[in-house]
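Subject: Structure handover

Hi,

Here is the structure for you to look through. My notes on what turned up are below it.

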Amino acid sequence: MTRLTRALTDPEFETDAPYAELPRLSDVQLGSLLPLAYRVGATGTPTMTRVRFAVEGEGRERPARYTPEACRAMFDALVAQLEERDAADLGRAVASLLRCTGPRPDLAVPSRALVAFRLEKDDLRQPYALLAVAALAGDGSLREVRERLGRGGGPIAVDESGLVAGLAPDELALLSEAAERDGYGAPPPLPDLWRRIADIPAYAAFARRALEAATERAEAIQAGRIPYKADGAYTDREVAVLGCAARVALVRDEPWLPDLLDRLLPAVTVAPTTAKTLPSQALLYELVRAAQEHPTPELVTAIRTVRTSVRHAGVPKTLDRMLKKVDAALAARTDVALRLPTLGFDADGVLRRTAGDHRALVTVTDSGAVLTWSKDGRPLRGAPAAVRRDHGGLVKELRELVKRVGVQLGTLARALEAGFTVDAVHPYGRWRTELAGHPLARSVVGRLIWEVEVAPGEWQAVLPGAGALPGAGGLPDAPDGSSVRLWHPIRSDPGTVRAWRDLLTERRIRQPFKQAFREIYLLTPAERETGVYSHRFAAHLVHYRRMFALFRARGWTSRLLGFWDGGDQDEAVCTLAAGEWQVRFAHSLATAGDEDLATTDQVRFDRRAAGGWREAPLADVPPLVFSEAMRDVDLFVGVTSIAADPDWTDRGAEREYWQRAGFGELTASAEVRREALRRIVPRLAIADRCSFDGRWMVVSGDLGTYRIHLGSANVLMEPDDAYLCIVASRGRSDGEVFLPFEDERLSLILSKALLLAGDSGITDPGILGQIKRGA
């Protein structure tokens, strides 16, 4: 502490690395150093500057605490830097105020100086922080700040300005912390920040008032009472205010919110004209960001519903990326994640409506909801013309209901899968009633394997829709207060995993997501030796743009690489286990001047500690978290590696990697693929022409014998292993062959096997010419 203080205050002090002791400082000691660090300006020595950045970096990683003296010192440091920096980060003042360990010091004098400087510069950034500091200043500062902020901000922002001016400085500081949480110098947010804001009665009442006003304005635009302007329904300030209001309502789980959002979201996502623009793209994204932090099933469903109606081509793609984080957050919020309305469906999962002499049935199936029509008991191919003419409203309502059910079931499935790393546990009685017995949810829940804690530490696995494994009954007889969770193969022995896979294949049950056939990744001896990093997926050559798209699709964050200073390498990052763990996957551009190829590198894990991230040994990572993270990395590499690109055979220097990886040892995902194929192939007409040999599926045709690699799907021809290039059309399975899970590479291998088993019927001259040359 002494060396760090000298390094920040004494220009004559020279030392190599005094900041090495930063992690050992207490939070209070860190709070004493931060004002000193902020005082170091452009005239500071190189040592002072290095230490300043190190101290401020530590302040971003973990929360500091401030004695009253340190709190006053931070305000004084901000005032001292006004002349040199021509600005002051009021968020730092607010952070010290919220984290003060004792009675608040007298801050009126520095607060007046800070507010006067901002008003003189007409700098109204950080509005909540400005209001909080103005409240400490007295002398009319608060009134003047409020008047300035109310100009041109829009009615909703003006309404909020009037409200917050009457709040206490600490309450204003909470709002400032929420608004500045993503700022560069922001400390880790208070863990209960939004709960504390939501508990301010006046702001909770304002939240409803603001969202209702926003809805009424959007509906007025749709009705033509207000002129339409693309993304002009609300000012920037109003969007920020509405985002705060939405978060408060979501934290409080207000009962009025779902119906209001069902009105607001459609009204801001589709123009009242034929334009492809939106009344407020900004508010749409702000509401999705609110859902990432405080999701509810109703909001997620509403977002997914409007996603299908947006005309702007780029918005659905952005929503899909943002919704990945929403799904993970919903899984962590187990108190609301199970909530699913019945929407009028009866206990059998059927909704019945009458339209004159005709009858409509909406039935919930494994693939979603299906609408059918009948007359006098005879099924019809669709809605008759008479029904469409006389009951158009009902037809529209039922078609929208079918879409809504599909969206709700998709939301449930995604939330359940995202709950793996959270290790989400639910009360058995509630789960049995609200999920397993729910007319809609049971179509998803019944195809998943669950574990019920029938005795302390003793879990019984069951598949609700098909009973349990042989020797067990149906749902176990356990108290309502018992725990139930999703089964994961990493917690089970290999024999049990094989039994579940056999049962699903035999009964042709396709699960909502890959569960029984889910890949598992265990720590290897090599990874135990390296300690904090894994090389398991390093040194692969991948199509970079494809991998970058997968990062975003799977909810990972990463910079787009390019050839500028420091821009050719990065780490893709994903947060897991309800924010307790973080995984990092390093990668870099492979060849100078070529932005298509990247090379992969280490995987590392961080654990959240004291509000920040600390790198953790791989052995300390929970096995389920490790497995799920590595599963994503395997996906990134497996899908985008040039080894799986059949057109790469003539691309020069990378040919050696293509040869090695395209026919190498199987990864965990490829091993699961082999397991599935061993169950599928015996049921096919070509079964007698197929066999398995390690990492190969061997297919005997009339013209030759072929070896299909179970990882890359590349094909070699016997006897000399000549490469057979087959560029097959890729897409989802056509349903003719039952697949226990959706997997593009699995479908590709099967399509190649079916083609080559009947090679005498091949007419494609490119493929046939290769086979005959090989023969």
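The largest nonpolar core has 112 residues, and the members touching the most others are Val55, Tyr203, Tyr234 and Leu264. Helix α14, residues 236-252, gives the most to this core: ten residues. Please keep in mind that this is a predicted model.

Setting aside neighbours within four places in sequence, Leu264 is in contact with Ala214, Thr215, Ala218, Tyr234, Leu283 and Leu287. Tyr234 is also among the core members that touch the most others.

As background, nonpolar side chains tend to be buried together in soluble globular proteins.

Next, the sheet. Five strands make an open sheet, ordered β15-β16-β17-β18-β19, with antiparallel pairing. The edges are β15 (690-693) and β19 (722-724). Each has a single partner strand, so one side of each is left without a neighbour in the sheet. From one strand to the next, the twist averages 30 degrees.

Inside that order, β17 (residues 705-709) and β18 (residues 715-717) pair in the antiparallel sense over three bridges. Ile708 stands opposite Val715 in β18.

Strand β1 covers residues 350-355 and strand β2 covers residues 358-365. The two run antiparallel and are joined by six bridges. Val350 stands opposite Thr363 in β2.

Is Arg501 buried or exposed? The cut-off for buried is under 20% relative accessible area. Arg501 has 7% relative accessibility, so it counts as buried.

What does the side chain of Arg501 reach? It comes to the backbone oxygen of Ala516, at 2.7 Å. Not counting residues up to four places away in sequence, Arg501 touches Ala516, Phe517, Arg518, Val672, Glu675 and Arg679.

Best wishes

Note on methods: Residues are numbered from 1 along each chain as its sequence is written. This is a predicted model: local features need pLDDT of at least 70, side-chain atom pairs count only at pLDDT 80 or more; totals for chains, interfaces and linings use all residues. Side-chain values use heavy atoms; hydrogens and water are left out. Two strands pair if DSSP finds at least two bridges between them. Helices (H or I, at least four residues) and strands (E, at least two) are DSSP runs, numbered from the N terminus. Axes are lines fitted to C-alpha atoms, for helices over the stretch in contact, and angles run from 0 to 180 degrees between N-to-C directions. A nonpolar core is a set of buried Ala, Val, Leu, Ile, Met, Phe, Trp, Tyr and Cys residues joined through side-chain atoms within 4.5 Å. Buried means under 20% relative accessible area, exposed over 50%, partly exposed in between (1.4 Å probe, protein chains only). Contact means heavy atoms within 4.5 Å. A polar contact is a pair of N or O atoms within 3.5 Å; within protein, one must be able to donate a hydrogen and the other to accept it, and residues adjacent in sequence count only if both atoms are side-chain atoms.
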